[in-house]
Amino acid sequence: MLLDIKTYWGIHGEPVATTPTTWDVVGKYILKLVKTEDNAQSNVRLSAALRADGVPVSHILPLKDGGDYMVTQEGCYLLMEKLGGSHVREVFQQNYAEIAYQTGFIIAKIHCALAKITDKQTVNQSFDEELRGWIRNGLTKSSLLTQEEWSKPIESLCSIYPSLPKQQIHRDLHYGNLLFEGTTLTGVLDFDLGKQDARLFDIAYFLLGQLLGQKDLMAIKDKWLTFISQFLLGYESITVLEEVEKESLLLMMQCIELLFVVFWEKQANQEETEATIKIFKFIERIIEL
C-alpha cells in the first residue's frame, strides 16, 4: 500500500508510478521504495556525504517527525528532491570516445568523494568472499559453464584481491543511475548497494554495462575497447589507478558476469542468463587476443 505523502511528509500531491519502486510526486519529488533499512540507511549516509563534497545527489526530505524514511511491511520509503537532466542512451551512436572520457572523469570524482567515507555501519561480504561462497556454489550446481571455465577467473581474482585498493563504492554504477545536461553531471542516483569493497568493481561494472543489449558483441568490439581506454584516461586525470587494478580489469569483468550467471539462473530468466554467458565468453576472447 502506497504511503500518504501529506500525512507523513506534509506535501500535497498524488504519487505517479515511474518504475515498480519509484513514484513521481508533482514533478518535484521522487518517492522511492527500498527493501531493507540497511538499503535506506545507505542511501541517507552516502547521499549526505556526496552532497557535502559537491557531488549532485538528491536531498532526502525528512518526515514530519524528523525521521529520514518510513518503515512499512513492503520496505522503507524515502522522499527526495527530483533532479534535472537525462540519461545517456545509445552511447556508440554518439561521440562515444568523448563521452567515455568525461564519464571516467566524473566517476573518478565520485570515487574521491566516496573514499572519504570510512565508516562500516553496514556489514557486507566483499566480492571475493561472494565469489568463494554463493557464486561458486551456484556455478557448481549449474551446467551452463564447465568448472574449468568458471574456476580459473575466480581463483585468479581471489588470489590478487587482497592487493586491490578498497574504499566505499557505489556498486551499481551505470548510465541509468547518472543524469546529465550535455556533458555536465546533474545527478547520481540509487545508493542501495553501496559498501566498502574494491573500487575496481565499480569501474569494471560500469564498463560492462556498455555491452548490455548489444546483439553483435564482436561488431562493437573496437568501439568498446576505445571506450575503455578513453574512460580510463578520464578517470586517471583525477586519480591514478594502481597497476594491479589495470591488469585485473578484464578479470574483474569476467567474475562480475559469473555473479550475474548465478543471479539470473536463480531467477529462471533464460534470456538474461544466455546474454550474460555471451558477455562472459566475449571477455574471455578479448583476454586471449
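Author: Strands here are DSSP runs of E with at least two residues, numbered from the N terminus. The model is predicted. Gly27 lies in the loop between strand 2 (22-25) and strand 3 (29-34).

Reader: Is Gly27 buried, exposed or partly exposed, and why?

Author: Buried means under 20% relative accessible area, and exposed means over 50%. Gly27 has 45%, so it is partly exposed.

Reader: What box do the C-alpha atoms of the protein chain fill?

Author: Roughly 60 × 40 × 35 Å, along the principal axes. Now take the radius of gyration. A compact globule with 289 residues would have one near 19 Å. The protein chain has 20 Å, which agrees.

Reader: How many helices and strands are in the chain?

Author: The protein chain has 9 helices and 10 strands. Buried residues make up 49% of its 289 residues.

Reader: What share of the contacts joins residues 24 or more positions apart?

Author: Take the contacts with a separation of 6 or more. Residues 24 or more positions apart account for 74% of them. The accessible surface is about 14,300 Å². Carbon and sulfur atoms hold 51% of that surface.

Reader: Which residues of helix 5 are buried?

Author: Start with the general idea. An α-helix has 3.6 residues a turn, so residues three or four places apart point the same way. In helix 5 the buried residues are Trp150, Ser151, Pro153, Ile154, Leu157 and Cys158. Their cover includes helix 4 (127-141), helix 8 (243-266) and helix 9 (270-288).

Reader: Where is Ser142 found?

Author: In the loop between helix 4 and helix 5. Ser142 is buried because its relative accessible area is 11%. Its side chain makes a polar contact of 2.9 Å with the side chain of Glu265.

Reader: Last, the cysteines. How many disulfides does the count come to?

Author: Judge a disulfide by the sulfur atoms, which must be within 2.5 Å. The count comes to 0 disulfides. Cys76, at 2% relative accessibility, counts as buried. Cys112, at 31%, counts as partly exposed.

Definitions and conventions:
Residues numbered from 1 in each chain as written. Predicted model: local features only at pLDDT ≥ 70, side-chain atom pairs only at ≥ 80, totals over all residues. Heavy atoms only, no water. Buried < 20%, exposed > 50% of the residue type's maximum accessible area, 1.4 Å probe, protein only. Helix = DSSP H or I, 4+ residues; strand = E, 2+ residues; numbered from the N terminus. Contact = heavy atoms within 4.5 Å. Rg over C-alpha atoms; globule rule 2.2 N^0.38 Å. Areas by Shrake-Rupley, 256 points an atom, 1.4 Å probe, with all protein chains shown as cover. Polar contact = N/O pair within 3.5 Å; in protein donor to acceptor, adjacent residues only side chain to side chain.
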